[in-house]
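Here is a short briefing on one structure. It covers ring contacts, a cavity and strand pairing.

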Amino acid sequence: QIQLVPSGGGSVQAGGSLNISCSASGRNLSNRGMGWFRRAPGKEREFVAAANGSGRSTFYGDSVKGRFTISRDNNKGMLYLQMNSLQPEDTAVYYCGAYDSFKYIGTPSSWGQGIQVTVSS
């Protein structure tokens with residue numbers, strides 16, 4: 001079982017930055033890809049970013065590419081998402097997830113609780 005506990009988030013004005021984190025506990029974390037997803041009001045869940053088990057391979061959704069950076073520290077059991085140049089359309093509840101595989105294939109099998117990110121214009 002993987003437990004994921006997010007932290008960070010909050011409110012920021014457009015153009016600002018935020019960092020959200022996810023504390024992960026469980027077995028074989030370094031063998032699991034991890035990622036971030038988000039759900040905006042009235043919209044479907046959207047893939048944001050993912051990193052493989054080592055963190056050396058990452059992948060981003062088109063809407064955040066070049067603005068967001070995903071990273072992980074397996075020694076600390078932490079997953080991070082640095083969000084820069086935030087825009088109102090980035091407003092959403094963000095979720096961290098852990099995959100069953102080393103790489104980010106399919107959808108995560110374990111999820112943390114959502115964390116609100118609000119960007120005002």
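**Aromatic cluster, cavity and strands**

Ring pairs join Phe37, Phe47, Phe59, Tyr104 and Trp111 into a cluster. The model is predicted. Four aromatic pairs occur in the structure.

**Phe37 and Phe47**

- Phe37 and Phe47 make an edge-to-face aromatic pair, with 5.5 Å centre to centre and 75 degrees between the planes.
- Phe37 belongs to strand S4 (residues 34-39) and Phe47 to strand S5 (residues 46-51), so this pair ties together parts 10 residues apart in sequence.
- Phe37 has a relative accessible area of 6%, so this residue counts as buried, the cut-off being under 20%.
- Phe47 has a relative accessible area of 24%, which makes this residue partly exposed.

**Phe37 and Trp111**

- Phe37 also forms an edge-to-face aromatic pair with Trp111: the centres are 5.1 Å apart and the planes are at 70 degrees.
- This pair links distant parts of the chain, with Phe37 in strand S4 and Trp111 in strand S10 (residues 110-111), 74 residues apart.
- Trp111 is partly exposed, at a relative accessible area of 32%.

**A charge over the ring**

- Arg45 places its charged end over the ring of Phe37, 5.4 Å from the ring centre.

**Cavity**

- The structure holds one cavity of 30 Å³ or more.
- The largest cavity has about 30 Å³ of space.
- Its lining consists of Ala24, Leu29, Met34, Arg72, Asn74, Gly77 and Met78.
- By class, the lining of the largest cavity has four nonpolar residues, two polar and one charged.

- Side chains alternate along strand S11 (residues 115-120).
- Ile115, Val117 and Val119 point to one face and are buried.
- Strand S2 (residues 10-13) runs parallel to S11, and four bridges join them.
- Val12 stands opposite Val119 of S11.
- Strand S9 (residues 92-98) pairs with S11 in the antiparallel sense, over three bridges.
- Val117 in S11 is the bridge partner of Ala92.

Conventions. Residues are numbered from 1 along each chain as its sequence is written. This is a predicted model: local features need pLDDT of at least 70, side-chain atom pairs count only at pLDDT 80 or more; totals for chains, interfaces and linings use all residues. Side-chain values use heavy atoms; hydrogens and water are left out. Rings of Phe, Tyr and Trp (its six-membered ring) pair if their centres lie within 6.5 Å; planes under 30 degrees apart count as stacked, over 60 as edge-to-face and the rest as tilted. Helices (H or I, at least four residues) and strands (E, at least two) are DSSP runs, numbered from the N terminus. Buried means under 20% relative accessible area, exposed over 50%, partly exposed in between (1.4 Å probe, protein chains only). A charge sits over a ring if NZ of Lys or CZ of Arg is within 6 Å of the ring centre and within 35 degrees of the ring normal. On a 1 Å grid over the protein atoms alone, a cavity is a set of points where a 1.4 Å probe fits but cannot get out, and a pocket is an open set with protein on both sides within 12 Å along at least five of seven lines; lining residues have an atom within 4 Å of a point. Grid points are joined across faces, edges and corners, and a volume is the space filled by probe spheres set on the points. Ala, Val, Leu, Ile, Met, Phe, Trp, Tyr, Cys and Pro count as nonpolar, Asp, Glu, Lys and Arg as charged, and the others, Gly among them, as polar. Two strands pair if DSSP finds at least two bridges between them.
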